[in-house]
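Here is a quick tour of one protein chain for someone new to reading structures. Have a look at the picture and the sequence, then follow along below.

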Amino acid sequence: MAVLVRFDAKGSWGKVLLDAQAVGDALRSLGLSYGSWPRRAVGDGSLDAVLAAYGPELDGLKSQLSIRHVDRVTVKPGNPDWPLLRQRFLAEHTHADAEIRYFLSGSGLFYIRCSDGHLALLCEAGDWIVVPAGMPHFFDAGEHPDFDALRLFSIPQGWEADFTGSQTSRLPTFDEFRVRLHELRAAEGAVPSTP
Ligand SMILES: [Fe+2]
């Protein structure tokens, strides 16, 4: 289940939201969409099997968004391409198309720029997110990436990125974020949720 944290312009931790409804409401207020789908068995695990298993959910998204193409990105620990991919993902950018992702397994951390800092959304298996076209964001999955996600596009060149050049190193990496979240949970029994 997703976790949403607000970071100010200095990169300090702010609100931490754990409740799916609160996460969705906070993202919606900024023009993003978020939700979660029940996880389904996916037959032989192929893309065709995944698309068949999640047909009703995908049809629901397609009825709201003009989706023309669906593919899949799978990155596992030790992937030799990850260091280069990670560099690109960590650089803040925008797209001409919405960035739509559904996490089949694993997790990843999106940072979305807002007026007074960034929102960090930790997506886990079952979560989906829509980052609107033109909204600055970046992504990390840590030193040992492990995620399998569907990517949905409305235009053929939607995956191209326009880099903003904005400095984002003050914000926690995926691994730092997970450690801090664990510390908060351990210290308080649960991460405090501020409305
Ligand atoms: Fe992106």
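Which residue stands opposite Val 131 in strand 8? It's Glu 99. Keep in mind that this is a predicted model.

## The whole chain

Let's step back for a moment. The chain's secondary structure comes to 5 helices and 11 strands. Its radius of gyration is 16 Å, close to the 16 Å that the globule rule gives for 195 residues, so the chain is as compact as a globular protein of that length. If you boxed up the C-alpha atoms along the principal axes, you'd need roughly 40 × 35 × 35 Å.

Of the 195 residues, 28% count as buried. Now take the contacts between residues at least 6 apart in sequence: 71% of them join residues at least 24 apart.

Strand 3 (residues 33-36) pairs with strand 8 in the antiparallel sense, over 4 bridges. In strand 8, Asp 127 has Ser 36 standing opposite. Strand 6 pairs with strand 8 too, again in the antiparallel sense and over 4 bridges. That brings us back to the opening pair, Glu 99 and Val 131.

## The nonpolar core

In soluble globular proteins, nonpolar side chains tend to be buried together. In this model, the largest nonpolar core has 43 residues. The ones with the most contacts inside this core are Leu 4, Phe 110, Ala 120, Leu 121 and Ile 129. Strand 6 (residues 99-114) gives the most to the core, with 8 residues.

Skip its neighbours within four places in sequence, and Phe 110 is in contact with Leu 121, Cys 123, Ile 129, Val 131, His 137 and Phe 139.

Now for helix 5, which runs over residues 174-188 and includes Phe 177. Why does Phe 177 count as buried? Because it has 21 C-beta neighbours inside 10 Å, and the cut-off for buried is 20 or more. Leaving out neighbours within four places in sequence, Phe 177 is in contact with Leu 109, Ala 120, Leu 122 and Pro 172. The C-alpha atoms of Phe 177 and Val 5 are 9.7 Å apart, though the two residues are 172 residues apart along the chain.

Glu 183 is found in helix 5 as well. This residue is exposed, because it has 11 other C-beta atoms within 10 Å, and 12 or fewer counts as exposed. Glu 183 and Glu 160 are 23 residues apart in sequence, yet their C-alpha atoms are 36 Å apart in space.

## Out on a loop

Where does Asp 44 sit? You'll find Asp 44 in the loop between strand 3 and helix 2 (47-53). With 7 C-beta neighbours inside 10 Å, Asp 44 counts as exposed. From Asp 44 to Glu 143 is 29 Å, C-alpha to C-alpha, and the pair is 99 residues apart in sequence.

Conventions
Residues numbered from 1 in each chain as written. Predicted model: local features only at pLDDT ≥ 70, side-chain atom pairs only at ≥ 80, totals over all residues. Helix = DSSP H or I, 4+ residues; strand = E, 2+ residues; numbered from the N terminus. Contact = placed C-beta atoms within 7 Å. Core = buried A, V, L, I, M, F, W, Y, C linked by C-beta atoms within 7 Å. Rg over C-alpha atoms; globule rule 2.2 N^0.38 Å. Pairing = 2+ DSSP bridges.
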